[in-house]
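Please read this briefing with the sequence and the 3D view side by side. The points are grouped by topic.

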Amino acid sequence: MTRTDDKEPDKPFLNTVEAAAWLRLTKNTLEKMRVQGRGPTYRKHGRYVRYHIEDLVEWSHASKRRSTSDAD
């Protein structure tokens, strides 16, 4: 069992690798988005970055587009 395999629905917080995998992004892309302030909301638990699954869903819904001409 890998570390991402033990993700259960009752564990709402994901680390950066798990959140990136959930969004089908690379870890580096998610980290760049965090630095630039254009990624999903994250939390700091001590020195650790954590993403709540509801924040990922909300960010994904907010990123919906119907056309490539839609504003960012």
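Tyr42 is partly exposed, at a relative accessible area of 36%, whereas Tyr51 is buried, at 0%. Buried means under 20% relative accessible area, exposed means over 50%, and partly exposed lies in between (1.4 Å probe, protein chains only). This is a predicted model: local features need pLDDT of at least 70, side-chain atom pairs count only at pLDDT 80 or more, and totals for chains, interfaces and linings use all residues. Residues are numbered from 1 along each chain as its sequence is written, and side-chain values use heavy atoms, with hydrogens and water left out.

**Rings and charge**

- The structure holds one aromatic pair, formed by Tyr42 and Tyr51, with 6.2 Å centre to centre and 50° between the planes.
- This pair is tilted; rings of Phe, Tyr and Trp (its six-membered ring) pair if their centres lie within 6.5 Å, and planes under 30 degrees apart count as stacked, over 60 as edge-to-face and the rest as tilted.
- The charged end of Arg34 sits over the ring of Tyr42, 5.5 Å from its centre; the term requires NZ of Lys or CZ of Arg within 6 Å of the ring centre and within 35 degrees of the ring normal.

- Three strands form an open sheet in the order 1-3-2, with antiparallel pairing; strands are DSSP runs (E, at least two residues) and helices are DSSP runs (H or I, at least four), numbered from the N terminus.
- The edge strands, strand 1 and strand 2, each pair on one side only.
- Two strands pair if DSSP finds at least two bridges between them.
- Strand 1 (residues 13–14) is joined to strand 3 by two bridges, and Leu14 stands opposite Tyr51.
- Strand 2 (residues 43–45) pairs with strand 3 over three bridges, and Lys44 stands opposite Val49.
- Two residues lie between strand 2 and strand 3 in their hairpin, where Gly46 takes a positive phi near 70°.

**Nonpolar core**

- The largest nonpolar core has eight residues: Leu14, Ala19, Ala20, Leu23, Leu30, Val49, Tyr51 and Leu56.
- Helix 1 (16–23) and strand 3 (48–52) each supply at least two residues of this core, and helix 1 gives the most, with three.
- Such a core is a set of buried Ala, Val, Leu, Ile, Met, Phe, Trp, Tyr and Cys residues joined through side-chain atoms within 4.5 Å.
- Leaving aside neighbours within four places in sequence, Leu30 is in contact (heavy atoms within 4.5 Å) with Thr16, Ala19, Ala20, Leu23, Pro40 and Tyr51.
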